[in-house]
Amino acid sequence: MDDPTTVRNQRNQSAPETTRLNLPARMSDSSVYLENLPSRTMHINRLINSNYNSSPSRTIYSDRFIPSRSGSNFALFDISNSPTSAEGKEDGSGTYNSLLRAALFGPDTPDKKDSLGSPACRNIFRYKTETKRSLHSLSPFGLDESVPGIIHSPVKAPRKVPRSPYKVLDAPALQDDFYLNLVDWSSNNVLAVGLGNCVYLWNACSSKVTKLCDLGIDDSVCSVGWAQRGTHLAVGTSNGKVQIWDASRCRRIRTMEGHRLRVGALAWSSSLLSSGSRDKSILQRDIRAQDDFASKLSGHKSEVCGLKCSYDNRELASGGNDNKLFVWNQHSTQPVLKYCDHTAAVKAIAWSPHLHGLLASGGGTADRCIRFWNTTTNTHLSCMDTGSQVCNLVWSKNVNELVSTHGYSQNQIIVWRYPTMSKLATLTGHTYRVLYLAISPDGQTIVTGAGDETLRFWNVFPSPKSQNTDSEIGASSLGRTTIR
C-alpha cells in the first residue's frame, strides 16, 4: 500500500498552482482540479441549478448561516438597503411598515434616508427633541386621524370664562373705602348693598329693588352681612352700633352696642355674630341673648377690616390694618394662631370649602400677595404675588378655584385654579378699585363693586352638576339698571 504522504507530495509537485474547493468528502478528488476549467465549471453549475437543492428529501448542510436581508426594513432606521430589496416589497408590507413607522417615530418620519449625512456615520436610534405630548400620544397610532378604523375621543377644551359682565347696576354713593364691606349675597338670593346712609336690597330672581333702612344724616353704613340661613341682616354703622334687621318684613329687630368707633367687618356663625371695629376689637354676639355681646377678642393693634368664619363654625379669621392675620377659636379671647407675613393691611380672607383648615389671605398695596395657610398644622403653604392690591377673596364651592379682586393699580378680577394658582381668566371693566365682592348661593356668579359706583355681575364658576349650564341668576337680565 502506498504511503499517503508520498502520494500527496507527488500531487503537490505535479500541480503546484491548482486550487482546492471545500466540498464534501464523498466527491472525487479528481473533480476538484481546475486544469480543465470548462468541464469543471459546467459540472458545478449543473449541481447548483439542478433539482438537487429543492428536493424535500435531501438536506443541505453548511458550516455557517448567511441570513437573507431581502425582507428587512432598513428605511425604518435610516439605513439604506439595496435596490433589489426595496423593489420586492408588496403593498401590504409597505402599509404595515408605514403604520409601524408612524407609531414608533411619529407621523412625520420620512420613509427614506434624509440628506444629513451617510448612514454609516449616524446612529440607528437617535434622540429626538419633542414637544410635550398629550395622553393620546400613548396610543400606538398617535393622533393620526388618517388611520382607518381608529376612533379618537375629543380632547376636553379648557373651561371658558366670559370676559364681560352679564349685568351692570348703577350704585350711587357706593363708597371708595378699602376698610368697608358694603356688599353681601344671601342664601335666599337677595343682594344687600350699603349706599351712603341707606341699605338697599336687590332680588336676583325678580330684579326688584327694596329700600331696607335709612340711618339718617348723622350715620352711615360701614358693613352688611347676611345670616347663613334665614332673612336676618346685620348692619354695621359709623357710630359703632350693629343693627339686626328682618329683611322679609323690612323691620329692625334690635340694635347692639359695644364698639366706640365704626364697624367695618361682620361675620356670622349660626346664631353668633362677630363684629370688627376701628377700635381694634372684635365682639362676639349671640342675638338670642339680651346682652349686647358675649365676649371681646383683643389682639389687633389697628382697625379690624376683615372677618370670616370657617365652614364648620369652629374658627374665626380676622385681618387688620396692622398687617396681621389672626385665627381664633370658641374657647379663648386671645388668638390661637398669628400670621405676620403680610406687609400691608389684610382685608381679603377666605376659608376653603374643599379642605378643612385651608385659609387664604391677601395683602394691600404694599404687599400685593395671596398667601395660603394650613391652620390645622400651623404652616404657611404658598405665596402668590399678584402685582396689585388684594381687596377680596372668595372660594368656589363647586370647583377648587377662587376669585380675587384688586385695586391699585390694575383694578382687575382674577379667577385662579388651586393649588397651581394658574390664571383661568382676568376680568376688567371697573375703573376704580374693586373693593367689594360677593358670591351667589348657587356658587356660579359673583358680583363686584367699586368706587366707580357700579355693581357688575360675572358668570365665572361652573355649576356643581354641569360646567355648561348657565346660571339662572340674572341670566335674562342684560343691560344696565340702577339699584336705587
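1. Is Cys 340 buried, partly exposed or exposed? In this predicted model, Cys 340 is partly exposed, with a relative accessible area of 46%. That value falls in the partly exposed class because buried means under 20% and exposed means over 50%.

2. As for sulfur pairs, a search of the whole structure finds zero disulfides.

3. Attention may turn to one of the sheets. Strands S14, S15, S16 and S17 form an open sheet of four strands in the order S14-S15-S16-S17, and their pairing is antiparallel. At its edges lie strand S14 (304-309) and strand S17 (337-339), each of which pairs on one side only. From one strand to the next, the twist averages 20°. In general, strands of a sheet pair through backbone hydrogen bonds, in either a parallel or an antiparallel manner.

4. One of the residue pairs joins Val 304 to Gly 320 of S15, its bridge partner.

5. A remark on annotation follows. In the model, the span 427-460 is 56% strand and 0% helix. The end C-alpha atoms of residues 427-460 lie 10 Å apart.

Key:
Residues numbered from 1 in each chain as written. Predicted model: local features only at pLDDT ≥ 70, side-chain atom pairs only at ≥ 80, totals over all residues. Heavy atoms only, no water. Helix = DSSP H or I, 4+ residues; strand = E, 2+ residues; numbered from the N terminus. Disulfide = S-S within 2.5 Å. Buried < 20%, exposed > 50% of the residue type's maximum accessible area, 1.4 Å probe, protein only. Pairing = 2+ DSSP bridges. Axes fitted to C-alpha atoms, helices over the stretch in contact; angles between N-to-C directions.
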